[in-house]
Amino acid sequence: MAPPQPTPAPMPLVFGPASALLLVDVQNDFADAAGSLHVAGGEDLPPLLNALIGDARRSGALVAYTQDWHPEHTPHFAADGGAWPVHCVKGTWGAALHPALVVAGPIVRKGSNGEDGYSGFSMRDPGTGVTVPTGLEELLHRHAVRQLVIAGLATDYCVLATGLDAVALGFETAIVVDGVRAVDLAAGDGERALERLVSAGVTLVEATGA
């Protein structure tokens, strides 16, 4: 078996009018230290993401957001047989986008009917396994987006799933490596997620100094 290849160095980030910046799940339950599913370092992201939002808007790029938006009870939650603590319940503080994040575009919600909503593009019924689309792909096509730049939370779950779906749907896809943070339930999960994304055809880009 060939040894694993090192993850390539990130490239400079450049937006254009056919680009979209997608901010994944930058919500209080993930990005605030008091959140029920806090991602370490998530609270540090809003200033960097706000700078990205400004760059994207000046370049004529679409800015969009995903938002977990769960009911109080869902098989997605451990209390109802799933894997995760209760988080991002619709209408609560935890589900709100982080107050320090600039909101300058449409929001695509996921998991609203109790589905697993890892990807910004699709949701899976945890009972039947049936997958249904969110409105994200339609939104991007409506704005003639060809290049999707993704940042947010978390690298090894929703960013990973969104990036893999984006490539499969034919979008030229980039992940902002300094604009994501990982859960890392197992050490190295975030880095392994980036390796999977690169293997699928995703480009790694860097906001710092861009």
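In this predicted model, Asp 29 is buried but forms no salt bridge. The nearest side chain of opposite charge belongs to Lys 110, 12 Å away. Asp 29 is part of helix α1. Beyond its neighbours up to four places away in sequence, Asp 29 touches Gly 35, Ser 36, Leu 37, His 38, His 87, Cys 88, Trp 93, Gly 94 and Ala 95.

The largest nonpolar core holds 31 residues, of which Phe 15, Leu 21, Leu 23, Leu 49, Leu 52 and Val 176 touch the most other members. Two or more residues of this core come from each of β2, α1, α2, β3, β7 and β8, and α2 provides the largest share, five residues. Apart from this core lies another, of 25 residues, including Leu 62, Leu 160, Ile 175 and Ala 193.

Leu 21 illustrates the packing in detail. Leaving aside neighbours within four places in sequence, Leu 21 is in contact with Phe 15, Leu 52, Ile 53, Ala 56, Leu 62, Val 63, Ala 64 and Val 149.

Helix α4 spans residues 155–168, and its buried residues are Thr 155, Asp 156, Cys 158, Val 159, Leu 160, Ala 161, Thr 162, Gly 163 and Ala 166. The elements against which these buried residues pack are tabulated below.

| Element packed against α4 | Residues |
|---|---|
| β2 | 19–24 |
| β4 | 107–110 |
| β7 | 147–153 |
| β8 | 172–181 |
| α5 | 189–200 |

After α4 comes Gly 170, which has a positive phi, near 95°.

Methods
Residues numbered from 1 in each chain as written. Predicted model: local features only at pLDDT ≥ 70, side-chain atom pairs only at ≥ 80, totals over all residues. Heavy atoms only, no water. Buried < 20%, exposed > 50% of the residue type's maximum accessible area, 1.4 Å probe, protein only. Helix = DSSP H or I, 4+ residues; strand = E, 2+ residues; numbered from the N terminus. Contact = heavy atoms within 4.5 Å. Core = buried A, V, L, I, M, F, W, Y, C linked by side-chain atoms within 4.5 Å. Lys, Arg positive; Asp, Glu negative; His and termini not counted. Salt bridge = Lys/Arg side-chain N within 4 Å of Asp/Glu carboxyl O.
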